[in-house]
Amino acid sequence: MTEPVAAPDVQGASLSETKVPVVQVLASNINEIWPSLVHSIKYSSFIALDLELSGLGDRKNLMRKHYTSTSAQRNFQRSVDDRYTAIVEAAKSRSVLALGVSCWRVTRDEPEPEYYVQTYNILTLSRDNYTVEPDALQFLVEHGFDFNKQYKEGVSYTPSTEDMIVFKEKKAPEPIRDLFAAILLAKCPVVTHNGLIDIAFLYQSFYAPLPPTMSIFVADLQDMFKSGILDTKCVAEFLIRETATYLEYLFRKCNKRMTDAVAAGKPSINLSFSEHKAIKHWVNHVECFASNQSTGRELCESYANHGYCKSGKSCSKSHNVDEAINSHDKKSKKRKVEGKTPAILSKQHNGEVVDTGCHRAGVDAFMTGFIVANYAIYLKAHPKKAKGEEEEKTSSKKSHYQSRDNHMSVTLEENRDIPLPLVLDPCRRAVNCLTLSGKNIPLKVMKSAFVKPSAAHMRQQHEIAKKSSK
């Protein structure tokens with residue numbers, strides 16, 4: 001493997017500086033930022049991705065759980081196929097509004113992993129007409145998404161159609177397609193959070209028309225991502241067994257767990273960030289690690305458990321994620337340290353919920369990478385969890401996790417030959433498993449012996465390989 005070459009004008013920044021640099025990529029500056037972006041991708045050990053979408057379509061079909069057949073396997077497959085049909089419909093009619101790319105390069109494996117991180121938030125604009133759902137619009141506006149900037153300065157892309165030939169001569173520049181090709185060429189693991197829908201949108205928007213069936217789609221994915229896909233929600237549910245698994249909860253829980261490890265003199269991760277001197281005027285610094293003190297209000301159980309509340313910001317109860325974590329820790333009687341001083345990575349803000357940038361694609365991509373890096377070192381310290389050998393104390397929990405553990409143990413054997421970075425090896429049991437909401441087992445990204453990859457995918461692979469050889 002080629003030794004990574006330092007990018008120009010790069011210096012590390014201490015993680016104790018709580019603001020994370022996120023490069024804002026627009027149509028007006030993508031040519032200026034492109035060399036740095038491609039360099040970051042090329043030398044990544046893993047890449048975390050996140051999308052902001054204009055909608056998800058029919059939620060009922062996306063959450064299809066069961067049928068009345070007596071065969072459990074048939075029920076599972078039919079419900080998964082129906083979900084896929086709904087996902088395809090959404091990906092064809094909705095659009096990607098922003099793409100977050102967080103590139104994580106391992107600079108040291110032992111004794112504590114060190115990462116060099118570069119994160120980009122790319123505003124995108126479809127050239128085709130698309131549906132914008134009011135709920136999605138309201139949600140994004142509440143979290144600071146600037147639709148005026150997106151329409152004015154989003155990087156244009158053309159969604160895939162059956163008759164288009166991508167990566168050849170194009171009517172208009174397609175930098176996002178070239179970017180996605182660069183990610184595939186990097187041949188490193190891709191990390192998502194609850195990523196099935198995001199991956200389907202990436203495929204449809206920047207790669208090729210989605211295949212007609214889930215089984216062909218899975219075959220394509222296995223061939224596209226040869227170093228595997230990691231879903232942090234899947235790791236959280238099936239390996240760590242967290243109480244809640246929405247993104248901000250996991251990020252803050254990992255930050256707290258890492259702070260405890262540092263205080264106890266145990267291994268943790270170390271990060272450094274690019275100062276992006278050559279393009280610093282396009283860099284936003286986000287307080288991802290800011291923490292919140294108690295609001296003094298009753299905790300909103302819906303938000304605490306799921307990261308969502310129908311009332312949104314008008315809810316009279318607390319949406320403070322730190323309070324949710326503390327409440328869950330107390331309920332599970334796992335809280336070992338009371339009245340601790342603030343985390344070394346955190347700033348305290350009295351009585352208010354701090355805007356940490358969550359639900360913005362670049363920041364969410366960084367949080368996703370941070371979660372998997374922390375889970376990897378946590379699982380290394382808890383090998384029984386990593387191998388699914390940790391005993392549950394109650395018979396009900398044993399029964400609840402039995403099917404998951406059996407499924408994931410088989411997955412571990414299937415994943416033996418996937419080329420993961422050493423630092424991510426403790427997560428191997430969850431590689432190529434994507435969360436299916438409401439299901440007790442994940443979707444396995446593994447090609448059936450009876451299914452061939454799609455013709456569109458094979459054509460794309462040929463074109464990408466030909467282009468990269470020039």
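Reader: How much space lies in the second largest cavity?

Author: About 30 Å³ of space lies in the second largest cavity, and the search of the whole structure finds two cavities of 30 Å³ or more. The model is a predicted one, in which local features need pLDDT of at least 70 and side-chain atom pairs count only at pLDDT 80 or more, while totals for chains, interfaces and linings use all residues. Residues are numbered from 1 along each chain as its sequence is written, and side-chain values use heavy atoms, with hydrogens and water left out.

Reader: What makes a space a cavity, and which residues line the second largest cavity?

Author: On a 1 Å grid over the protein atoms alone, a cavity is a set of points where a 1.4 Å probe fits but cannot get out, and lining residues have an atom within 4 Å of a point. The volume is the space filled by probe spheres set on the points, which are joined across faces, edges and corners. By that rule the lining of the second largest cavity is Ser-40, Tyr-43, Ser-44, Cys-103, Arg-105, Tyr-116 and Gln-118. Strand 3 (96–108) and strand 4 (114–126) each supply at least two residues of this lining, where strands are DSSP runs of E with at least two residues and helices are runs of H or I with at least four, numbered from the N terminus.

Reader: How do you know that Cys-309 is in no disulfide?

Author: The structure holds zero disulfides, a disulfide being a pair of cysteine sulfur atoms within 2.5 Å. The cysteine sulfur nearest to that of Cys-309 belongs to Cys-315 and is 3.9 Å away, and Cys-309 is in no disulfide.

Reader: Why are Cys-309 and Cys-315 called buried?

Author: Buried means under 20% relative accessible area, exposed means over 50%, and partly exposed is in between (1.4 Å probe, protein chains only). Cys-309 has a relative accessible area of 13%, so Cys-309 is buried, and Cys-315, with 14%, is therefore buried as well.

Reader: What makes helix 8 largely enclosed by the rest of the structure?

Author: Helix 8 covers residues 214–224, and eight of its 11 residues are buried, which is why helix 8 is described as largely enclosed by the rest of the structure. Among the buried residues of helix 8 are Met-214, Phe-217, Asp-220 and Met-224.

Reader: Why is the pair of Phe-145 and Phe-147 called edge-to-face?

Author: Rings of Phe, Tyr and Trp (its six-membered ring) pair if their centres lie within 6.5 Å, and planes under 30 degrees apart count as stacked, over 60 as edge-to-face and the rest as tilted. The centres of Phe-145 and Phe-147 are 4.7 Å apart and their planes stand at 65°, so the pair is edge-to-face. Phe-145 and Phe-147 are both buried, and the structure holds 19 aromatic pairs.

Reader: Why does Lys-187 count as exposed, whereas Asn-194 counts as partly exposed?

Author: Lys-187 has 60% relative accessibility and so counts as exposed, while Asn-194, at 31%, therefore counts as partly exposed. Lys-187 is found in the loop between helix 6 (175–186) and strand 6 (190–192), and Asn-194 lies in the loop between strand 6 and helix 7 (196–206). Phi of Lys-187 is near 55°, a positive value in a residue other than glycine, and Asn-194 has a positive phi of about 50° although it is not a glycine.

Conventions
On a 1 Å grid over the protein atoms alone, a cavity is a set of points where a 1.4 Å probe fits but cannot get out, and a pocket is an open set with protein on both sides within 12 Å along at least five of seven lines; lining residues have an atom within 4 Å of a point.
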